[in-house]
2 protein chains.
Amino acid sequence: MRYRCVCQYDGRCYSGWQRQPRDKTVQGEIEKALKAIFGVPITIHSASRTDSGVHALMQVFHFDTEIFIPQERLLSVINRRLPLDVAISHVERVPDDFHSRYDCIGKTYVYKTELSPQRNVFSSSYAYHYGKPINLELIRLAAHVLIGTHDFKGFMASGSDKENTVRTLYTIDFIQKETVLEMRISGDGFLYNMVRIIMGALLNVSEGRLTVAELEIALVNGDRQKLRRTAPSSGLYLVETRY
Amino acid sequence: MRYRCVCQYDGRCYSGWQRQPRDKTVQGEIEKALKAIFGVPITIHSASRTDSGVHALMQVFHFDTEIFIPQERLLSVINRRLPLDVAISHVERVPDDFHSRYDCIGKTYVYKTELSPQRNVFSSSYAYHYGKPINLELIRLAAHVLIGTHDFKGFMASGSDKENTVRTLYTIDFIQKETVLEMRISGDGFLYNMVRIIMGALLNVSEGRLTVAELEIALVNGDRQKLRRTAPSSGLYLVETRY
């Protein structure tokens, strides 16, 4: 039988989602808990494979097991075995053909940028400490260019080899909470490092290093030359995974 | 000449304030930065020696040096050499007879208790995850007993050997922000673990394990028997140091 789980994690102390032989990862910690509970190794499959330092409020994964444990009980026994910075908020039995990655129809990320020059010791791992004012009008204008269906191959970390790099961005919204700029970006899917490259480009636009026209050309040409800035992972949150 | 500094730190990754031969401490990190700047070992003296995991929004320390560096410049060079979870917000030259500990006339701590049963992966190191409702009326009533000048020797961690254990508590206030209870406690000074032992006693009162009358007797008798609960360090913040 197949279980679907929703989880949150503070990415600060993890080398990302994906299991690794040596480093502490979120997948690794959850699989360790499941192995202790079910007595056999269990592989989990997530909707997203978040990078080192990236946080999640709504990551989704599934796994298969032969052993039936009631949902509520499973939820509490997993949480008891997880570190305090990883938590499962929902467990549900799902049909055997459910797949957390292939059935996902959309995701939302939030990127937090700290504008205050004063360092905040509590937010250093939870927002990118940019430390300068931004031109929000210009950022909004540039972000608008990216909305819609485009080939985002220029907005993908070099080295990744996705064949289909066409994605649809539904919305990019900005709100400023005190000194923190929050970008909320929704789409049907995101390429590797795409949100952080978008954020880097928007900051370059704000700083006058990249014009909105150049951004538009880079989008059309799929040219990475103008899109070399990748905002740090600490500001990034996977906040919604839709089915 | 003597400099006075105000600093903040996220205590999560530190074995407290006080320098230790092996473990990472806040004093150790700041002294390392100062040694690199001044070229000679410098000892700093703080108003409080916070425990492992305790956070600070306003810790004060002073140090002496023969080398003059303008305040603003010193502020920026120290911060550049500190880890991201420690920051200096203020540097000032002070008279040679200023002492961060002996001249301190009062301090305020905040203790945060998470009441929601749902674990929050981001707050596990920034609040005590209590996870149950509390009886705030009873807690307020019990806290009121502690206000004023008392011998708080029952509210001191065993093993510490302060001679004078009389302290004056000016105020203990409670506000609830969503699911987090914040206790704000001000006094002329605090004994070792005093705030965490007070918080533990108030939670015991809330749970019916300790009556307000028993708390009052424990305060008068200096009896530690009834005051064995120490709330965890993760919820504690040094928020003000007054001169």
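The model is predicted: local features need pLDDT of at least 70, side-chain atom pairs count only at pLDDT 80 or more, and totals for chains, interfaces and linings use all residues. Residues are numbered from 1 along each chain as its sequence is written, chains are lettered from A in the order in which they are written, and side-chain values use heavy atoms, with hydrogens and water left out.

**Interface of chain A and chain B**

- Contact (heavy atoms within 4.5 Å) links 23 residues of chain A with 23 residues of chain B.
- The two chains bury about 1800 Å² between them, 56% of it on carbon and sulfur atoms; buried area is the accessible area (1.4 Å probe) that two parts lose on being put together, summed over both.
- Of the area that chain A buries against chain B, 41% comes from Arg119(A), Val121(A) and Phe122(A), more than from any other three residues.

- Four salt bridges are found across the interface, each being a side-chain nitrogen of Lys or Arg within 4 Å of a carboxyl oxygen of Asp or Glu.
- Arg12(A) and Asp10(B) form a salt bridge through their side chains, at 3.2 Å from N to O.

**Cavity**

- There is one cavity of 30 Å³ or more; on a 1 Å grid over the protein atoms alone, a cavity is a set of points where a 1.4 Å probe fits but cannot get out, and lining residues have an atom within 4 Å of a point.
- The largest cavity has a volume of about 50 Å³, volume being the space filled by probe spheres set on the grid points, which are joined across faces, edges and corners.
- Its lining residues are Leu84(A), Glu114(B), Arg119(B), Asn120(B), Ser123(B), Ser124(B), Ala127(B) and His129(B).

**Pocket**

- The largest pocket has a volume of about 1300 Å³; a pocket is an open set of points with protein on both sides within 12 Å along at least five of seven lines.
- Among the 34 residues that line the largest pocket, Lys112(A), Phe122(A), Lys112(B), Phe122(B) and Tyr126(B) lie nearest its centre.
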